[in-house]
Amino acid sequence: ECIIKGAKFTVKVKPALIERNNDDSVLIYPGQREELVEDALRKLAVSGQGVYVNGKAGVSFSLYELRTELEQMGHTYSFQELREALFICRGAVLECYSGDNRSVITSNFFGLLALTTQKDLEERGRDARCYVQFNPLVNESIMNLTFRQYNYKLGMELRSPLARYIYKRMAQYWTQASAENPYTPKLVSFLEQSPRGLTKRMSENLRAMRNALDILEKHEVIARYDEVKEMKGKQKVIDATYWIYPHPKFIKDVISANQRNKALRMKKTKQMLDAPSDGEG
(Lines give C-alpha, C1' and ligand atoms only; values in the text may rest on other atoms or scores of the structure.)
Protein backbone atom coordinates (compact mmCIF):
# COMPACT_ATOMS: atom_id res chain seq x y z
CA GLU A 1 0.00 0.00 0.00
CA CYS A 2 1.21 3.51 -0.72
CA ILE A 3 0.01 7.10 -0.60
CA ILE A 4 0.71 9.32 -3.60
CA LYS A 5 -0.23 13.00 -3.33
CA GLY A 6 -2.73 12.20 -0.60
CA ALA A 7 -4.44 9.34 -2.46
CA LYS A 8 -4.16 5.77 -1.20
CA PHE A 9 -3.30 2.97 -3.62
CA THR A 10 -2.64 -0.76 -3.44
CA VAL A 11 0.08 -1.90 -5.82
CA LYS A 12 0.71 -5.52 -6.73
CA VAL A 13 3.61 -6.91 -8.78
CA LYS A 14 3.42 -10.30 -10.45
CA PRO A 15 6.60 -12.02 -11.66
CA ALA A 16 7.58 -12.80 -15.23
CA LEU A 17 7.80 -16.40 -16.47
CA ILE A 18 11.32 -16.72 -17.90
CA GLU A 19 13.00 -19.62 -19.69
CA ARG A 20 16.60 -20.17 -18.72
CA ASN A 21 19.28 -21.92 -20.81
CA ASN A 22 18.24 -25.40 -19.68
CA ASP A 23 14.68 -24.65 -20.89
CA ASP A 24 13.39 -24.66 -17.33
CA SER A 25 10.81 -21.95 -16.67
CA VAL A 26 11.29 -19.80 -13.58
CA LEU A 27 9.29 -16.95 -12.06
CA ILE A 28 11.37 -13.80 -11.55
CA TYR A 29 10.33 -10.47 -10.06
CA PRO A 30 11.82 -7.25 -11.43
CA GLY A 31 14.56 -6.00 -9.10
CA GLN A 32 17.47 -3.60 -8.96
CA ARG A 33 18.91 -4.75 -12.30
CA GLU A 34 15.62 -4.13 -14.08
CA GLU A 35 15.29 -0.70 -12.43
CA LEU A 36 18.74 0.30 -13.69
CA VAL A 37 18.00 -1.02 -17.18
CA GLU A 38 14.75 0.98 -17.38
CA ASP A 39 16.49 4.13 -16.11
CA ALA A 40 19.20 3.70 -18.75
CA LEU A 41 16.57 3.24 -21.49
CA ARG A 42 14.81 6.43 -20.39
CA LYS A 43 18.17 8.21 -20.57
CA LEU A 44 18.69 6.95 -24.14
CA ALA A 45 15.15 8.07 -25.01
CA VAL A 46 15.66 11.67 -23.86
CA SER A 47 19.08 11.74 -25.52
CA GLY A 48 17.58 11.52 -29.01
CA GLN A 49 16.53 7.89 -29.36
CA GLY A 50 12.95 8.29 -28.20
CA VAL A 51 10.29 7.01 -30.59
CA TYR A 52 6.53 7.59 -30.64
CA VAL A 53 4.45 4.82 -32.21
CA ASN A 54 0.68 5.44 -32.32
CA GLY A 55 1.03 7.99 -29.52
CA LYS A 56 2.98 5.59 -27.28
CA ALA A 57 6.41 6.57 -25.97
CA GLY A 58 9.30 4.17 -26.50
CA VAL A 59 12.98 3.98 -27.33
CA SER A 60 15.04 2.48 -30.16
CA PHE A 61 18.43 1.13 -29.12
CA SER A 62 20.97 -1.64 -29.53
CA LEU A 63 22.04 -4.01 -26.78
CA TYR A 64 25.55 -2.66 -27.24
CA GLU A 65 24.33 0.92 -26.59
CA LEU A 66 22.43 -0.22 -23.52
CA ARG A 67 25.39 -2.14 -22.12
CA THR A 68 27.75 0.78 -22.81
CA GLU A 69 25.43 3.27 -21.09
CA LEU A 70 25.22 1.08 -17.99
CA GLU A 71 28.99 0.46 -17.97
CA GLN A 72 29.63 4.20 -18.06
CA MET A 73 27.41 4.53 -14.98
CA GLY A 74 29.32 1.77 -13.16
CA HIS A 75 26.98 -1.18 -13.77
CA THR A 76 28.31 -4.06 -15.88
CA TYR A 77 26.01 -6.71 -17.35
CA SER A 78 26.45 -9.30 -20.08
CA PHE A 79 24.26 -9.30 -23.19
CA GLN A 80 22.44 -12.33 -21.81
CA GLU A 81 21.74 -10.58 -18.50
CA LEU A 82 20.39 -7.54 -20.35
CA ARG A 83 18.16 -9.69 -22.55
CA GLU A 84 16.78 -11.44 -19.47
CA ALA A 85 16.17 -8.08 -17.73
CA LEU A 86 14.23 -6.85 -20.77
CA PHE A 87 12.12 -10.03 -20.88
CA ILE A 88 11.40 -9.69 -17.15
CA CYS A 89 10.18 -6.10 -17.65
CA ARG A 90 8.01 -7.27 -20.54
CA GLY A 91 6.57 -10.23 -18.65
CA ALA A 92 6.14 -8.85 -15.12
CA VAL A 93 2.75 -7.31 -14.39
CA LEU A 94 2.01 -4.15 -12.41
CA GLU A 95 -1.46 -3.79 -10.89
CA CYS A 96 -2.59 -0.56 -9.21
CA TYR A 97 -5.87 -0.33 -7.30
CA SER A 98 -7.47 2.85 -5.96
CA GLY A 99 -8.18 3.02 -2.24
CA ASP A 100 -11.88 2.38 -2.74
CA ASN A 101 -11.20 -0.51 -5.19
CA ARG A 102 -13.34 1.22 -7.80
CA SER A 103 -10.61 1.53 -10.37
CA VAL A 104 -7.67 -0.63 -11.40
CA ILE A 105 -4.80 -0.29 -13.83
CA THR A 106 -3.02 -3.44 -14.93
CA SER A 107 -0.16 -3.60 -17.42
CA ASN A 108 3.25 -5.08 -18.04
CA PHE A 109 6.25 -3.02 -16.97
CA PHE A 110 7.07 -2.64 -20.69
CA GLY A 111 4.11 -2.34 -23.04
CA LEU A 112 6.01 -3.81 -25.98
CA LEU A 113 9.40 -5.40 -26.60
CA ALA A 114 11.02 -6.02 -29.99
CA LEU A 115 14.34 -7.67 -29.27
CA THR A 116 17.33 -8.49 -31.43
CA THR A 117 17.71 -12.18 -32.22
CA GLN A 118 21.01 -14.04 -32.02
CA LYS A 119 21.07 -14.29 -35.82
CA ASP A 120 20.54 -10.55 -36.17
CA LEU A 121 23.34 -9.94 -33.67
CA GLU A 122 25.68 -12.16 -35.68
CA GLU A 123 24.80 -10.48 -38.97
CA ARG A 124 24.55 -6.83 -37.89
CA GLY A 125 26.64 -6.76 -34.73
CA ARG A 126 26.49 -3.50 -32.79
CA ASP A 127 23.93 -2.00 -35.19
CA ALA A 128 21.21 -4.58 -34.49
CA ARG A 129 18.24 -2.59 -33.20
CA CYS A 130 15.76 -3.24 -30.40
CA TYR A 131 12.63 -1.37 -29.35
CA VAL A 132 10.90 -0.94 -26.00
CA GLN A 133 7.56 0.74 -25.41
CA PHE A 134 7.38 2.17 -21.90
CA ASN A 135 4.70 1.40 -19.35
CA PRO A 136 1.35 3.18 -19.98
CA LEU A 137 1.75 5.11 -16.72
CA VAL A 138 5.13 6.40 -17.92
CA ASN A 139 3.58 7.33 -21.26
CA GLU A 140 0.76 9.19 -19.49
CA SER A 141 3.28 11.07 -17.35
CA ILE A 142 5.19 12.13 -20.47
CA MET A 143 2.06 13.25 -22.31
CA ASN A 144 0.70 15.18 -19.29
CA LEU A 145 4.10 16.58 -18.27
CA THR A 146 3.80 15.23 -14.74
CA PHE A 147 7.33 13.79 -14.74
CA ARG A 148 10.18 15.50 -12.88
CA GLN A 149 13.77 16.08 -13.91
CA TYR A 150 16.35 14.51 -11.60
CA ASN A 151 20.10 13.89 -11.58
CA TYR A 152 20.38 10.65 -13.56
CA LYS A 153 24.12 10.22 -12.98
CA LEU A 154 23.70 10.65 -9.23
CA GLY A 155 20.82 8.17 -9.18
CA MET A 156 23.01 5.61 -10.94
CA GLU A 157 25.85 6.19 -8.47
CA LEU A 158 23.69 5.33 -5.46
CA ARG A 159 24.37 1.64 -4.82
CA SER A 160 21.84 1.35 -2.02
CA PRO A 161 18.33 0.64 -3.38
CA LEU A 162 16.80 2.40 -0.35
CA ALA A 163 19.00 5.48 -0.78
CA ARG A 164 18.10 5.61 -4.48
CA TYR A 165 14.39 5.27 -3.63
CA ILE A 166 14.60 8.12 -1.10
CA TYR A 167 16.47 10.31 -3.59
CA LYS A 168 13.98 9.71 -6.41
CA ARG A 169 11.03 10.33 -4.10
CA MET A 170 12.59 13.56 -2.86
CA ALA A 171 13.25 14.69 -6.43
CA GLN A 172 9.65 13.91 -7.42
CA TYR A 173 7.74 15.43 -4.52
CA TRP A 174 10.02 17.87 -2.67
CA THR A 175 9.46 20.65 -5.19
CA GLN A 176 9.92 23.45 -2.62
CA ALA A 177 13.17 22.19 -1.12
CA SER A 178 15.07 24.86 0.80
CA ALA A 179 17.41 25.11 3.77
CA GLU A 180 14.46 26.23 5.92
CA ASN A 181 11.99 23.65 4.60
CA PRO A 182 13.02 20.16 5.79
CA TYR A 183 11.62 16.91 4.42
CA THR A 184 9.93 15.06 7.30
CA PRO A 185 9.10 11.42 6.54
CA LYS A 186 8.02 8.99 9.26
CA LEU A 187 10.01 5.78 9.43
CA VAL A 188 7.23 3.17 9.49
CA SER A 189 5.02 4.55 6.72
CA PHE A 190 8.02 5.45 4.57
CA LEU A 191 9.63 2.00 4.72
CA GLU A 192 6.28 0.27 4.22
CA GLN A 193 6.03 2.01 0.84
CA SER A 194 9.67 1.42 -0.11
CA PRO A 195 11.14 -1.57 -1.99
CA ARG A 196 12.84 -2.65 1.24
CA GLY A 197 9.65 -2.86 3.24
CA LEU A 198 9.34 -2.87 7.03
CA THR A 199 10.85 -5.64 9.15
CA LYS A 200 9.72 -6.71 12.61
CA ARG A 201 12.89 -5.56 14.39
CA MET A 202 12.73 -1.78 14.77
CA SER A 203 16.50 -1.62 15.30
CA GLU A 204 17.01 -3.00 11.77
CA ASN A 205 14.61 -0.45 10.31
CA LEU A 206 16.35 2.42 12.08
CA ARG A 207 19.76 1.18 10.94
CA ALA A 208 18.61 0.85 7.32
CA MET A 209 17.19 4.38 7.27
CA ARG A 210 20.30 5.87 8.85
CA ASN A 211 22.59 4.04 6.43
CA ALA A 212 20.57 5.29 3.43
CA LEU A 213 20.56 8.86 4.73
CA ASP A 214 24.29 8.69 5.45
CA ILE A 215 24.84 7.69 1.82
CA LEU A 216 22.73 10.63 0.62
CA GLU A 217 24.73 12.94 2.88
CA LYS A 218 27.98 11.58 1.43
CA HIS A 219 26.69 12.19 -2.12
CA GLU A 220 25.65 15.76 -1.20
CA VAL A 221 21.93 15.20 -1.64
CA ILE A 222 21.21 16.17 1.97
CA ALA A 223 23.21 18.44 4.26
CA ARG A 224 22.20 16.72 7.50
CA TYR A 225 19.30 14.97 9.21
CA ASP A 226 17.84 14.63 12.69
CA GLU A 227 16.05 11.57 14.05
CA VAL A 228 13.27 11.89 16.63
CA LYS A 229 12.15 8.54 18.02
CA GLU A 230 8.60 7.80 19.15
CA MET A 231 8.62 5.59 22.22
CA LYS A 232 6.18 3.25 23.92
CA GLY A 233 7.23 3.35 27.51
CA LYS A 234 10.92 3.91 28.21
CA GLN A 235 12.40 1.11 26.09
CA LYS A 236 10.37 0.33 22.96
CA VAL A 237 10.74 2.42 19.80
CA ILE A 238 7.53 2.30 17.74
CA ASP A 239 8.36 4.89 15.06
CA ALA A 240 10.64 7.80 14.21
CA THR A 241 10.37 11.11 12.40
CA TYR A 242 13.25 12.40 10.30
CA TRP A 243 14.03 16.05 9.70
CA ILE A 244 16.03 16.02 6.48
CA TYR A 245 17.76 19.20 5.32
CA PRO A 246 18.74 19.48 1.65
CA HIS A 247 22.24 20.10 0.37
CA PRO A 248 22.68 23.27 -1.74
CA LYS A 249 23.40 21.08 -4.77
CA PHE A 250 20.04 19.34 -4.39
CA ILE A 251 18.27 22.69 -4.00
CA LYS A 252 19.93 23.85 -7.22
CA ASP A 253 18.71 20.70 -9.01
CA VAL A 254 15.15 21.27 -7.72
CA ILE A 255 15.14 24.87 -8.96
CA SER A 256 16.39 23.67 -12.36
CA ALA A 257 13.67 20.98 -12.47
CA ASN A 258 10.98 23.54 -11.60
CA GLN A 259 12.18 25.87 -14.35
CA ARG A 260 12.26 23.05 -16.90
CA ASN A 261 8.77 21.90 -15.92
CA LYS A 262 7.44 25.45 -16.27
CA ALA A 263 9.09 25.86 -19.68
CA LEU A 264 7.63 22.56 -20.94
CA ARG A 265 4.13 23.50 -19.81
CA MET A 266 4.39 26.90 -21.46
CA LYS A 267 5.56 25.24 -24.68
CA LYS A 268 2.68 22.78 -24.59
CA THR A 269 0.16 25.58 -23.97
CA LYS A 270 1.57 27.56 -26.91
CA GLN A 271 1.34 24.52 -29.20
CA MET A 272 -2.31 24.03 -28.20
CA LEU A 273 -3.11 27.70 -28.85
CA ASP A 274 -1.31 27.67 -32.19
CA ALA A 275 -3.00 24.46 -33.36
CA PRO A 276 -5.74 25.03 -35.99
CA SER A 277 -9.28 24.57 -34.72
CA ASP A 278 -11.84 22.32 -36.42
CA GLY A 279 -12.69 23.54 -39.89
CA GLU A 280 -9.47 25.50 -40.36
CA GLY A 281 -6.76 24.56 -42.81
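Two strands count as paired here if DSSP finds at least two bridges between them, and the strands themselves are DSSP E runs of at least two residues, while helices are H or I runs of at least four, all numbered from the N terminus. With that settled, take Phe61: its bridge partner in β10 is Cys130.

Quick housekeeping before I go on. This is a predicted model, so keep in mind that local features need pLDDT of at least 70, side-chain atom pairs count only at pLDDT 80 or more, and totals for chains, interfaces and linings use all residues. Residues are numbered from 1 along each chain as its sequence is written, and side-chain values use heavy atoms, with hydrogens and water left out.

Okay, the sheet. That Phe61 bridge to Cys130 belongs to the β6 and β10 pair, which run antiparallel and are joined by four bridges. Zoom out and you get an open sheet of four strands, in the order β5-β6-β10-β9, with antiparallel pairing. What stands at the edges? That would be β5 (50-53) and β9 (110-114); each has a single partner strand, so one side of each is left without a neighbour in the sheet. From one strand to the next, the twist averages 25°.

Now the β5 end. β5 and strand β6, residues 56-61, run antiparallel and are joined by four bridges. Val53 has Lys56 as its bridge partner in β6, and Val51 stands opposite Gly58 there. The hairpin of β5 and β6 has two residues between the strands, and Asn54 takes a positive phi near 55° in it.

What packs on this sheet? Helix α1 does, touching β5, β6, β9 and β10 (130-134), with its direction at about 90° to that of β6. Helix α3, residues 79-91, packs on the sheet too: it touches β6, β9 and β10, and its direction makes about 140° with that of β9. For the bookkeeping, contact means heavy atoms within 4.5 Å, and the axes are lines fitted to C-alpha atoms, for helices over the stretch in contact, with angles running from 0 to 180 degrees between N-to-C directions.

Let's stay with α1, which covers residues 32-49 and includes Asp39. Buried or exposed, that Asp39? Asp39 counts as buried, because its relative accessibility is 8%; the cut-offs are under 20% relative accessible area for buried and over 50% for exposed, with partly exposed in between, using a 1.4 Å probe and protein chains only. Leaving aside neighbours within four places in sequence, Asp39 is in contact with Tyr150, Tyr152, Met156 and Lys168.

By salt bridge I mean a side-chain nitrogen of Lys or Arg within 4 Å of a carboxyl oxygen of Asp or Glu. Arg42 and Glu38 are four residues apart in the helix, so about one helical turn separates them. Arg42 is partly exposed at 35% relative accessible area, whereas Glu38 is buried at 13%.

How many salt bridges does the structure hold? There are 16. Another one joins the side chains of Lys153 and Glu157, at 2.5 Å from N to O. Those two both lie in helix α6, residues 152-157, again four residues apart, about one turn of the helix. Lys153 is partly exposed with 47% relative accessible area, and Glu157 is partly exposed at 32%. Then there's a network: salt bridges that share partners join Arg20, Arg33, Glu34 and Glu84. And over at Lys8, the side chain meets that of Glu1 in a salt bridge of 3.6 Å, N to O. Lys8 is partly exposed at 45% relative accessibility, and Glu1 is exposed at 59%.

One more hairpin before I stop. Strand β3 (residues 16-19) and strand β4 (residues 25-28) pair in the antiparallel sense over four bridges, with Val26 in β4 as the bridge partner of Ile18. Five residues sit between β3 and β4 in this hairpin, and Asp23 in the turn has a positive phi of about 70°.

Last stop, strand β2, residues 7-14, where you'll find Val11. Val11 counts as partly exposed, at 38% relative accessibility.
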